[in-house]
Protein chains: 2
Amino acid sequence: MTRTRDLLAPAALFHALSDETRLAIIERLRSGERCVCDLTDLLDSAQSRLSFHLKVLREAGIIDCRREGRWAYYWLSPDGLAELDDAVKALQPSKAATRRAACCS
Amino acid sequence: MTRTRDLLAPAALFHALSDETRLAIIERLRSGERCVCDLTDLLDSAQSRLSFHLKVLREAGIIDCRREGRWAYYWLSPDGLAELDDAVKALQPSKAATRRAACCS
DNA sequence: TTGACATATCAATAATTATTGATATGTTTG
DNA sequence: CAAACATATCAATAATTATTGATATGTCAA
């Protein structure tokens, strides 16, 4: 497993996005911060599940949160989104990319 | 689970990218197409494993392949990358995004 | 045409991730 | 202070994904 760059971080980032519930959360946060109680309708099930997915997103750096009284507010992290952007850019073909391989010669 | 758009497709796309081995494959393909035999050094293990990960990427539409004699060539799919781009754009805050929520009022 | 090679697929198992239900923690309100 | 609320965490289980080893398929070269 020879590897130039570190791929663990981007893999973790993509993993956090690889779930419909979490994408639905993000979609909801696009318009600004929301408290958890304002996200529960995304789910038809357990509250702990929502909490779990929020944690996954938070640990991946995609969302940030703050607590205010008994409410917790979440919002999209500009830094996290920027990191995502970088991760995606890193997948683009290089300028010198050739369609045909000089492979197995 | 109320949902406006379909999140299954982007979730699947991100899932395909959520693995270090697969990112390493993509990294290798950035410079142009490669045959499988030219990717085996990314792994220290079973060939079937590489084949499996290539399949995941292929089924997600991120890479394309063709067969030539006994070799199989893989390359980054422009369409797949474009789709990824769209998926990422869809996560950006909307213009009207407010930092503070008018929530739980 | 036989044998070595390149790759894919499959079944079994292992590893990881998600869901559930229960409980804990802190907060507000009466 | 007690009860109701908002949220997080934890342990058990379920579900999904990945890895392995074996085998299959097609191709090329002697």
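Start by selecting chains A and B: 48 residues of chain B are in contact with 47 residues of chain A. Two residues are in contact here if their C-beta atoms, placed from the backbone, lie within 7 Å. Before you click on, note that this is a predicted model: local features need pLDDT of at least 70, side-chain atom pairs count only at pLDDT 80 or more, and totals for chains, interfaces and linings use all residues. Residues are numbered from 1 along each chain as its sequence is written, while chains are lettered from A and ligands numbered from 1 in the order in which they are written.

**Stop 1: where chain B meets chain A**

Color these parts of chain B: α1 (8–16), α2 (20–29), β1 (34–35), β3 (71–76) and α4 (78–89). Each supplies at least two residues of the side that touches chain A. Helices (H or I, at least four residues) and strands (E, at least two) are DSSP runs, numbered from the N terminus. Which element gives the largest share of this side? That's α1(B), with five residues. Now color the side by residue type, and you'll get 28 nonpolar, eight polar and twelve charged. Ala, Val, Leu, Ile, Met, Phe, Trp, Tyr, Cys and Pro count as nonpolar, Asp, Glu, Lys and Arg as charged, and the others, Gly among them, as polar.

**Stop 2: around DNA strand D**

Next, select DNA strand D and the 24 residues that surround it. A residue is near the strand if its C-beta atom, placed from the backbone, lies within 6 Å of it. Zoom in on the closest ones: C37(A), S48(A), S45(B), S48(B) and G69(B). Two or more residues each come from α3 (47–59) and β3 (71–76) of chain A, and from α3 (47–59) of chain B. The most come from α3(A), which gives six. By type, this surface has ten nonpolar, nine polar and five charged residues.

**Stop 3: L54(B)**

Click on L54(B), in helix α3 of chain B. Leaving out residues up to four places away in sequence, L54(B) touches I25(B), V36(B) and Y74(B).

**Stop 4: the sheet in chain B**

Finally, show the three strands of the open, antiparallel sheet, in the order β1-β3-β2. Strands pair if DSSP finds at least two bridges between them. Six bridges join β2(B) to β3(B). End at D64(B), which stands opposite W75(B) in β3(B).
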